[in-house]
Amino acid sequence: MICNWLKNEKILCFLGGAVAALAGVKAAKSEKTRAMAVKGLAKGMKLQQDAKVTLQNMKEEAQDICYDAKQEAESAGTGDEA
């Protein structure tokens, strides 16, 4: 009789899920897990900040290039007319 429910895949999946949930709760409350999560979050935030700085630098470079190109075009345009 016990062997019949051990052969049922749905019951085995349910039991496996319950065991995984209990293990997950135990791991989530662990101090080591918390420390790893904090380190991971800190690295993610640093990466985001670095990406923002890089993007701002790229925008400034593009603006400088655009300004220089406009100045060069204007000086070339006035040089042809004179």
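The model is predicted: local features need pLDDT of at least 70, side-chain atom pairs count only at pLDDT 80 or more, and totals for chains, interfaces and linings use all residues. Residues are numbered from 1 along each chain as its sequence is written, and side-chain values use heavy atoms, with hydrogens and water left out.

**Overall make-up**

The protein chain contains 3 helices and 0 strands, where helices (H or I, at least four residues) and strands (E, at least two) are DSSP runs numbered from the N terminus. The order of the elements from the N terminus is α-α-α. Confidence is expressed as pLDDT, the predictor's value for each residue from 0 to 100. Its mean over the protein chain is 86, and 88% of the residues reach 70 or more. Among the elements, helix α1 (residues 2–7) has the lowest mean pLDDT, 65, while α3 has the highest, 91. Where pLDDT is low, the predicted coordinates should not be read in detail.

**Exposure**

Of the 82 residues, 0% are buried. Buried means under 20% relative accessible area, exposed over 50%, and partly exposed in between (1.4 Å probe, protein chains only).

| Residue | Relative accessibility | Class |
|---|---|---|
| L15 | 35% | partly exposed |
| D50 | 35% | partly exposed |
| D64 | 44% | partly exposed |
| K46 | 51% | exposed |

**Surface patches**

Patches consist of residues with over 30% relative accessible area and no salt bridge, like charges being joined within 9 Å and nonpolar side chains (Val, Leu, Ile, Met, Phe, Trp, Tyr) within 5 Å. L12, F14 and L15 make a nonpolar patch of about 290 Å², and L15 is placed in helix α2 (residues 9–28). A negative patch is formed by E60, E61, D64, D68 and E72; Asp and Glu count as negative, Lys and Arg as positive, and His and the chain ends are not counted. The place of a charge is NZ of Lys, CZ of Arg, CG of Asp or CD of Glu. D64 belongs to helix α3 (residues 31–81).

**Salt bridge**

The structure holds 1 salt bridge, defined as a side-chain nitrogen of Lys or Arg within 4 Å of a carboxyl oxygen of Asp or Glu. D50 pairs with K46 in this way, their closest N and O atoms being 3.2 Å apart. Because D50 and K46 are 4 residues apart in helix α3, about one helical turn separates them.

How values were computed: Accessible areas come from the Shrake-Rupley method with a 1.4 Å probe; for residues, only the protein chains shown count as cover.
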